[in-house]
Amino acid sequence: MVHLTINDREVSGQDGWTILEVAREHGIDIPTLCQHGAVEPSGACRLCMVEVDDGRRRRMVASCLYPIRAGLKVWTESDRIQNVRRWILQMLVDEHPGSERLQVLAQTYGVKASRFKSSRYEDVCILCGLCVRACEEVAGVGCLSFGNRGVHKEVTTSYHLPSPECIGCGTCLYVCPTGAMEQFFNRVRAVA
Amino acid sequence: MSVSFGRMETILERYPPSPEHLVSALQEVQAEFNFIPPEALTAVCNHLGVPVARGWAVATFYKSFSLEPKGEHDVCVCMGTACHVKGATNVYDKLRRDLEIPGSEGTTGDLKFSLNKVRCLGCCSMGPVARVDDEIHGNLNQRKAGQLVKDYRKR
Amino acid sequence: MKITNLEDLQKVKDAGLASLYPPKPKILVGMATCGLAAGAQQVYDLLRRKAEADAWDGVVEKTGCIGFCYKEPLVDLIWPASPRLTYELMTPKAVESFWEEMNSIRYPEKRLLGRIDVDEMLLDGGPRRLYRRKQLKGFLASVPLYEELDFFKMQRRLAMRNCGFIDPDNLEHYIARGGYAALYQALTAMTPEEVIEQIIASGLRGRGGGGFPTGVKWQSCRKAKGWPKYVLCNADEGDPGAYMDRSLIEGDPHSILEGMLIGGYAIGASEGYIYVRAEYPLAVKTLQNAIFAAREAGFLGENLFGTGFNFDLKINLGGGAFVCGESTALMASIEGHPGEPKAKYVHTVEKGLWGRPSNLNNVETWANVPVIIGKGADWYKSIGTPGSTGTKIFSLVGQVKNVGLVEVPMGVTIKDMVMAIGGGVPGDREFKAVQTGGPSGGCIPKEKWDLPIDFDSLWEAGSIMGSGGMIVMDQSTCMVDVAKYFLDFLMDESCGKCTPCRLGLKRMHAMLEEFSRGQGTLEDLDELTSLAQAVQDASLCALGGSAPNPVLTTLRYFREEYEAHILKKQCPAKVCRDLITFTVNPELCSGCTLCARECPAGAIAGAKKEAHRINPALCIKCGACAEACKFGAIEIC
């Protein structure tokens, strides 16, 4: 067992666990959007950032990816962390005003839409990549991938054409946190 | 433009079937066909043992590759910091106006020119700089840029 | 021929020296990318044609970049037993008279830049005097020495030791100047641990931007468990304004190969990759030639120098993505994936390329390795400052007179760099700031120009050393515009995986866009600062993590410019289009109608010989009129 502290509370976990796994085991809440137990963590949404002190320095890390080690000190609430969560939710809610899930999450942190709010209510894909990973790791198919990069990044099939490899298992629909896949799915599966 | 089996074979036989050659192979395809045709992407992926979805991700991620045919003359204007402080934006806008490109980057309707921004051609002493195909044109201003377009149209 | 021992190496060295300084006249033409861009190919071709036509008994050769980029094309003339003379700005027309004078009076007198009396021959045990007579007399003595030229006075060429002196495609030249002797020494007389000790003792820190102690990195990689191990060279050089890595590869490719070979030996790797950005076709070609030559000579392959050490190198091309300069993204790219960085909670020296221990260093870092092994760690660390030993190549560009590549000991001040080496700002404008470290760096103002240039001082000032880009700015540069420019660049290059970078840069850019239009409030400056903090804290990689630096440094040192934009709706540098107006000064206008004809928006009206007027409602602020006007009558206010 590996012993560490979270918010000055003594906790422990198995070697190889991440901070997030230990926190959840002990009922400590850390918000996430791109994490799901069925797939490998990717550390893309950055909502799960926490502060750690590993004995050499104090810095912020993604709790879904950071492997625990003996003597680690973790904090899940601090001004820096609140600032990060506020801004990530602010930008997500402004970019995807049509997502109810995001609105609810944002409200718990007191975040409201700003003057930079997008007008595209139909676009609720937050690029968490859960569908891409689920298709690859759970279904073993891998017909979804990220196209382009930066602000133009999108989840899509090759050439935006329905994929003949899709087996219609529905895992991507199941893991999608905002329901974006529901709107998109008819372009993923090639119906005979 | 047809993607003949022969042309693809010439490119592919240079690469052992390993994913580490994906970017290099696609660079050759881009140079050969002026874009990445769908059949070429599939052929490269099959040869190297890469899933097509990943090939698509790579082809759309990197700026070297274009899925639409590029123009006969590729005009790359350097928008590096040194050129920027010397007025590259004005030169770029002049070219955009003269070539009538609607968006920020693109290809002319007659497929004669493609205009893009690139970051740092490394010729900072001659800024603003543009590279047209393999030739570097330095110390540009709006007048010279306009003349450049006229000269290339004549070629 | 295969070189298997010291005797073979000496034989090739003798042949190389005879070729470097033959008993006949020699002309060198600088043919790296900036030379070629300035027209060196025509100059080279013309010289070769003339040599053939006249059955000239000398040789015309190409060489790499000596750093004097603003004087390209450069041509050097070396008569046997004479100093080397460098001629600047040589156009084909200038070559005609040059050739005539060379044949008639021996030393052409026009366009002389400088002379070299002594070739330092850094790694070959001693300086080489280029002429035998005790003292130079007459005309030659009046030509300034390189060491007397402002641009060269403070330089110390370690990484660039061979650039501009050898033909990069000629392995013999490299060996003649001490090349591969350090490798021989390492393989036959040192253990891998001893090699690592030397690198650690030298204090060498990564020259690509991170400044991480190189020896410590090698040690971690050596200790890591896993096989095979890889040594990698980061030749992705994405910082706009930085082109020193390209110059090194194009001028002296073997220095990198030798460095990587020594590194491979030290770490226990027998495979290496050089990741080169595709936008450097000449560098790729030069590397391919060098690798081929090295294989032929037995410096790559099996059983090097009969020691049983095997090593080979492959070149891997980039696809046009700045983010692939980041180590995990670079490795993802080699593996055939999009260049998306990964969390580095387990370092790449332990799990890198294909999950194996991988040691990645920058081109310039590798080029320094043979110098450290050849001259020793103590010698190396006597140069520079205690915390930042050795030298660094900087690309001095922007609003400065002497534009080019300079290699100086760490610790030279910013002021000396700009004024002494750079010759100051051209025209009648004044120095305002220098931008260092590329898009991950910051802007340092005049008040701080006494700062020594080293890793720690720049960090404390809010910037970073980065790859060595030094972009000089004067009053015609708007700092709000510069911050916006860098965000624009980074938005374009962001891989898009993590929210703080993908959306955070977009938001910061949108806010700066508002400021440049004279919108926004002072509270927005506070919002921008807290957003910048969030982006710094939460980004997955250093692209996003350092993206706020240009914004934060310009806010720190040039806050009044931001306030002028927001509160007074003014752009003091007269750059931001929404805040400037173009007008015609009626007292200077001659009525030539040139501006009206050049105007793409039809915004200028006026009859011939009468003062013209610009209609502000139609004016798109493109500046075509200001460029065209020969009377300076267009004013921007």
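A salt bridge, in this talk, is a side-chain nitrogen of Lys or Arg within 4 Å of a carboxyl oxygen of Asp or Glu. By that rule, four salt bridges are counted between chain C and chain B. One of them joins the side chains of D488(C) and R119(B), at 3.6 Å from N to O.

Before I continue, a word on conventions. This is a predicted model, in which local features need pLDDT of at least 70 and side-chain atom pairs count only at pLDDT 80 or more, while totals for chains, interfaces and linings use all residues. Residues are numbered from 1 along each chain as its sequence is written, chains are lettered from A and ligands numbered from 1 in the order in which they are written, and side-chain values use heavy atoms, with hydrogens and water left out.

Let me stay with chains C and B. Taking contact as heavy atoms within 4.5 Å, 57 residues of chain C touch 37 residues of chain B. The buried area, that is, the accessible area (1.4 Å probe) lost by two parts on being put together and summed over both, is about 3700 Å² here, and carbon and sulfur atoms give 53% of it. There are also 26 residue pairs in polar contact, both residues at pLDDT 80 or more. A polar contact is a pair of N or O atoms within 3.5 Å; within protein, one must be able to donate a hydrogen and the other to accept it, and residues adjacent in sequence count only if both atoms are side-chain atoms.

Which element gives the largest share of the side of chain C that touches chain B? It is α19(C), with seven residues. Helices (H or I, at least four residues) and strands (E, at least two) are DSSP runs, numbered from the N terminus. By class, that side of chain C has 29 nonpolar, 14 polar and 14 charged residues. Here Ala, Val, Leu, Ile, Met, Phe, Trp, Tyr, Cys and Pro count as nonpolar, Asp, Glu, Lys and Arg as charged, and the others, Gly among them, as polar.

Helix α19 (residues 479-493) of chain C also meets helix α23 (residues 548-557) of chain C: their axes come within 8 Å and cross at roughly 170 degrees. The two are therefore roughly antiparallel, a term for angles over 145 degrees. Axes are lines fitted to C-alpha atoms, for helices over the stretch in contact, and angles run from 0 to 180 degrees between N-to-C directions. M479(C), A483(C), F486(C) and L487(C) of α19(C) contact P550(C), V551(C) and T554(C) of α23(C). Six of these residues are nonpolar, one is polar and none is charged.

Turning to chains B and A, 13 residues of chain B contact 13 residues of chain A. The buried area is about 980 Å², with 60% from carbon and sulfur atoms. On the chain B side, A53(B), W56(B) and F61(B) lose the most area to chain A, together 58% of what that side buries. How many salt bridges does the rule find across this interface? The count is zero, while three residue pairs are in polar contact. Helix α4(B) supplies the largest share of the chain B side, six residues.

Finally, some backbone details. The peptide bond from G127(B) to P128(B) is cis, with omega near -10 degrees, and P128(B) lies in the loop between β3 and β4 of chain B. Another cis peptide bond joins W227(C) and P228(C), with omega about -5 degrees.

Notes
Angles under 35 degrees count as roughly parallel, over 145 as roughly antiparallel, 65 to 115 as roughly perpendicular and the rest as oblique.
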